[in-house]
Amino acid sequence: MLKAQVEEIDCHDLFDTDEKLETLLNTFPDLIIIKDGQDRWINANQYAYSLFGLEESQYLGKTSIEIARIKSKFSELFFSRYEYDQSVWKLQVLDRSEISFISHDGKKVTLDLISKPIFHSDGRKKALIIIGRDITDRIQMEKNNYYLAFYDQLTKLPNRFKFEEELENNVIISNALQQKFVVMYIGLDRFKNINDTLGPAIGDQLLMQISNRLQECIQEDWFLARIGGDEFSILIPNTRLENSISVAHKIIESIGVPFFINEYELFITASIGLCNFPEDGEDTQALMKSADIALNLAKEDGKNQYKAYSSIRDIKTFKAFSIENSLHKAMGMEEFELYYQPKIDIHTNRIVGAEALIRWNHPVWDLVSPNEFITLAEDAGLIIPIGKWVKETACKQNKKWQEEGLNIVPIAVNISAKRFMQKEFVKNIEKILLENQLDTQYLEIEITETSLMENEELAVDVIHQLSDLGLKVSLDDFGTGYSALSYLKQFKVDTIKIDRAFIKEIGENKQDELVVKGIINLIQSLNINVIAEGVETEEQLRFLRDLKCNQVQGYLYSRPVKAAEFKELLKKGKIKINAQTSKLNKEIENRRKFFRLNLVHPLLADMTIIKFMGRDVTLGKTEVLIQDVSIGGLSFISDIKMAVRPDMIISMETEILGENIEFIGKLVWMKELNDDVYSYGMEFIIEEKDRDIIAKLVNTLTVKIRKNPIVPDCRFIITDIYTFFKKH
């Protein structure tokens, strides 16, 4: 038994008998050390002195500092613990800590220590009891598990999870320090061919050699990871995209040097996608998606090259990326709104119904049409809650108009194929009608041909159930799907809507006119109502009247309008042709301050956004058509719907009289010409000296156009604008 007689305290003061003390100390598998108030060791167990290689005479009655001088190997540990123990005495409470060191027999040991100070009744220090559990194996297991979770077993590089963690940390740091950084995705071209031909063993060796070459290309503070089978990623902190191009070149050249594995000389190339924080994404997922898009485009464009996301995205992809990132918040922020487009009796001009069309009041892009986000909503699993909201809102609004004494009409809602085939679809509609106390005649269901074709038997059953409830069903976009006309008897829908693509060609395409005529005659022979969508000209209207078409929808009468505006239309009951268009044209004319040169044929120009929401952006160029120009601004046509906002600065380049001209300005108005084609007014942001240059240019061009509308050395387009954008 170990014991010592010391002046201040004896171990016998703490325990009843020597036998109990001996049992307690030496049967414990943990370290136990007992010190007195002067830091003298008064007892310890066998495990403790075996860790430090101490004999009884070397430590009993001595302080930690004295023992440190005897055992120099542990001097640093004992000195530091002496300081630590003093702080425990000072705090006067149980303390927990962790230490790691190399034991007397050369093994690395980690102890979980509990230090408990004991005091006399008068407050004097009595003893410090230290118990330490060996957690070396547990720590090693945790490290092994962490390594398995966050590191690639083949290359020993961090894996995708670790890369995402590092990327998230860099986002936080770079935001705080207002720094930029670059994310680089590296994909091996045709690696699968090597793996399939020579076997996975050769493929694995190739990946390890590629990993080594990549490590030779990067600097110490960069972060390299293997994120997939043949894909790697590099995070380059505190740098700009343009500074990383040389790195991409270096990697492509390094990978291009032959690899020698066993008896094989292997050749492989790499494609690289780059993106920049924060321009190309402000969070982990956005940045990884941008880099992945850039990598895929590098591969599609021929491989063995790099693509920077900022240089490949145009305004369309920039906008799509932006709205996709904010789609999940839209419902919660109540950003959706229903617009209503009237259905008109072709002979009386009376409103006989309306179609409810969802719009998204986007905080950045203003009004976003369903064409731009419905597919994204389907991919994100949001289409069902959005569809439910549309039906509920349309029913509530129609019931409100009824209560206000208006002569209400049926409101049609579009139903996605996914929603239409849902098991509880019909019951949910019945529930919505019941909750709003709305008669079934005032709600119509619109589905597309493709919805029917996905599951014909189920579609027929659902249509029958809806009919039993008293609901009418319309078949939308007829003529664009794959259904045969013979299916119309089977499905028994109430209305057929002829797709706008056929209506648009009336007066221009005799074949489409014959198709429209044949469809209308056949549908009417089956006693099915016919609606022509997308009616925009009086010529189209006359053609449809001659064919005894029942109803029409289109901008000739009204574009989709807000609920308040549709309410006013309901009060009137009828709509005059082109009423909205005339009003909008007059508003645009009133805005113009300077003489405008109206171009007989539009000028082709390359447009991009150079500043957005106060931030400089780098985007690819998009082709637009300039309609007119003055010293104050111009108007142009585009197939992109953009927001009219003062913090979005546009650059537009074209050729006029052999000179490359760049106009810089902001949008001040937007007019929708028809589906997916828009006219914009752009106000120049220029100095007076530049305005004088434009004035001379406009005057010269005016004189030349009077002689010949196709002036040489200008980018005039002869093609009809709608045909131009359709081809593009």
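Where does Glu 334 lie? I found Glu 334 in the loop between α13 (315–330) and β13 (336–345).

**Ground rules**

I am working from a predicted model, where local features need pLDDT of at least 70, side-chain atom pairs count only at pLDDT 80 or more, and totals for chains, interfaces and linings use all residues. Residues are numbered from 1 along each chain as its sequence is written, and side-chain values use heavy atoms, with hydrogens and water left out. My helices (H or I, at least four residues) and strands (E, at least two) are DSSP runs, numbered from the N terminus.

For the cut-offs, I use buried for under 20% relative accessible area, exposed for over 50%, and partly exposed for in between (1.4 Å probe, protein chains only).

Arg 190 is another non-glycine with a positive phi, about 60°. I placed Arg 190 in the loop between β6 (181–189) and α8 (191–198). Its relative accessibility is 47%, so I put Arg 190 down as partly exposed.

Then there is a cis peptide bond, which joins Phe 277 and Pro 278, with omega at about 5°. Pro 278 sits in the loop between β11 (269–277) and α11 (284–300).

**Helix α22**

Which residues of α22 are buried? I noted Asp 512, Glu 513, Val 516, Ile 519, Ile 520 and Ile 523. They cover an arc of only 130° around the axis, so they sit on the same side of α22. The arc is that of the directions from the helix axis to the C-beta atoms. On the face turned away from the buried side I found the exposed residues Lys 510, Gln 511, Leu 514 and Ser 525.

Gln 524 is also in α22 (residues 510–525), and with a relative accessible area of 25% I count Gln 524 as partly exposed. What does Gln 524 touch, leaving aside its neighbours within four places in sequence? I listed Val 530, Leu 547, Lys 548, Cys 549 and Asn 550 as contacts, where contact means heavy atoms within 4.5 Å. I also checked Gln 524 against Ile 463: they are 61 residues apart in sequence and 20 Å apart in space, C-alpha to C-alpha. Just after α22, Asn 527 takes a positive phi of about 60°.

**Sheet one**

Next I traced an open sheet of 5 strands, in the order β2-β1-β5-β4-β3, with antiparallel pairing. Two strands pair if DSSP finds at least two bridges between them. β2 (41–44) and β3 (95–102) stand at the edges with a single partner strand each, so one side of each has no neighbour in the sheet. Neighbouring strands here are turned by 25° against each other on average, direction ignored. For angles, axes are lines fitted to C-alpha atoms, for helices over the stretch in contact, and the angles run from 0 to 180 degrees between N-to-C directions.

Strands β4 (residues 108–119) and β5 (residues 125–134) pair in the antiparallel sense over 9 bridges, and Leu 113 stands opposite Gly 132 in β5. Helix α6 (residues 136–150) lies across β3, β4 and β5, running at about 130° to β4.

**Sheet two**

I found another open sheet of 5 strands, ordered β7-β8-β6-β11-β12, with mixed pairing. At its edges are β7 (223–226) and β12 (306–308), each with a single partner strand, so one side of each lacks a neighbour in the sheet. The twist averages 15° from one strand to the next.

β7 and β8 (residues 231–236) pair in the antiparallel sense over 4 bridges, with Phe 232 in β8 as the bridge partner of Arg 226. Helix α10 (residues 245–256) lies across β6, β8, β11 and β12, at about 165° to β11.

**Strand β29**

Last entry: how many residues of β29 (residues 677–684) are buried? I noted 7 of its 8 residues as buried. Strand β26 (residues 633–638) runs antiparallel to β29, joined by 6 bridges, and Leu 634 has Met 682 as its bridge partner in β29. Strand β28 (residues 659–674) is also antiparallel to β29, with 8 bridges; there Asn 674 is partnered by Val 677.
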